[in-house]
Amino acid sequence: SHKCLPIGLARVELTTIVRMQAAPELRQTAYTAFISSEIEQKMALAGVLYAYTAINTIANIDNNNHDAKPGVPAKPLLLEPLKVEKRSPFTPAGHAALMHSICHIEFNAVNLALDAIWRFPSMPEQYYLDWAKVAKEEAYHFSLLQNHLKSIGYSYGSFPAHTGLWAMCEKTKDDIVARMALVPRTLEARGLDATPLIQAKLRK
C-alpha cells in the first residue's frame with residue numbers, strides 16, 4: 001500500500017504510477033530506474049516495481065546496452081575502497097559516517113537488483129519477480145537510512161563512498177552465472193557477516 005511508503009517516496013509515487021502505466025514493460029522500467037541519477041525517482045520506481053509486476057509484461061529481448069552504468073547523484077564523491085577515510089563510530093560525525101556507509105551499500109543494492117532485471121534476458125518469470133521484490137526492499141532500507149541521516153543533520157552524499165561492489169558488477173556484466181555467484185552470494189554475503197560487529201559498535 002502507498003500508505004506504507006516512507007517520506008520521499010510517496011511524493012513521486014503518483015508520477016511513477018502514471019509512467020509505469022504508460023510503459024508497463026518490467027525490464028524497461030527497471031532500466032529507467034537503473035540509469036536515473038535522481039535519488040527520489042530511482043527509489044520510487046524501485047519501490048513500486050514489485051507491486052506492478054501483476055500488470056507488467058516481461059520482454060525477453062536484449063536491449064544491447066551492456067555498457068550502461070547506474071545513474072548516480074553528484075554526491076557522494078566515489079573513491080577506491082582504501083582511500084575512504086576511516087572514522088571512529090563513537091563520535092557524532094563518526095556515527096553519521098557509519099550510517100552513510102551502510103546507506104551507500106543499500107544504494108548499490110538497489111542498482112544491483114535493477115541491473116539484474118534489465119541486463120539479463122530470457123530468464124524465468126520468477127527470476128524477475130524475485131529481483132523486483134529485492135529492489136523494493138532495498139529501496140525501503142535506503143529510505144530508512146536516508147531519513148535517519150537527515151534527522152542527525154546529514155544526508156546521502158555527505159561523506160565520500162567507495163566503488164568496491166560495483167567494480168565486481170562491471171566484471172560480471174556479461175555472465176549471469178558469474179554475477180550471481182560473485183556478487184549476491186559472495187560479496188553481499190560477506191557484508192552480512194559484518195553485521196554483528198556493526199551492531200556491537202552501535203550498542204556502545
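The following exercises, with worked solutions, concern a predicted model.

**Exercise 1.** State which residues Phe142 touches, not counting residues up to four places away in sequence.

*Solution.* With those residues left out, Phe142 touches Ile39, Met43, Cys103, Glu106, Phe107 and Tyr156.

**Exercise 2.** Identify the network of salt bridges that contains Asp115, and describe its pairs.

*Solution.* Step 1: Asp115 forms a salt bridge with Arg119, at 3.0 Å from N to O. Both residues lie in helix H4, four residues apart, which corresponds to about one helical turn.
Step 1: Asp115 also forms a salt bridge with Arg179, whose closest N and O atoms are 2.7 Å apart. Since Asp115 belongs to helix H4 and Arg179 to helix H7, this pair ties together parts that are 64 residues apart in sequence.
Step 2: Asp115, Arg119 and Arg179 are therefore linked in a network of salt bridges. Asp115 and Arg179 are both buried, and Arg119 is buried as well.

**Exercise 3.** Decide whether Lys69 and Glu170 are exposed or partly exposed.

*Solution.* Step 1: Lys69 has a relative accessible area of 54%, so Lys69 is exposed, the cut-off being over 50%.
Step 1: Glu170, at 23% relative accessibility, counts as partly exposed.

Definitions and conventions:
Residues are numbered from 1 along each chain as its sequence is written. This is a predicted model: local features need pLDDT of at least 70, side-chain atom pairs count only at pLDDT 80 or more; totals for chains, interfaces and linings use all residues. Side-chain values use heavy atoms; hydrogens and water are left out. Contact means heavy atoms within 4.5 Å. Buried means under 20% relative accessible area, exposed over 50%, partly exposed in between (1.4 Å probe, protein chains only). A salt bridge is a side-chain nitrogen of Lys or Arg within 4 Å of a carboxyl oxygen of Asp or Glu. Helices (H or I, at least four residues) and strands (E, at least two) are DSSP runs, numbered from the N terminus.
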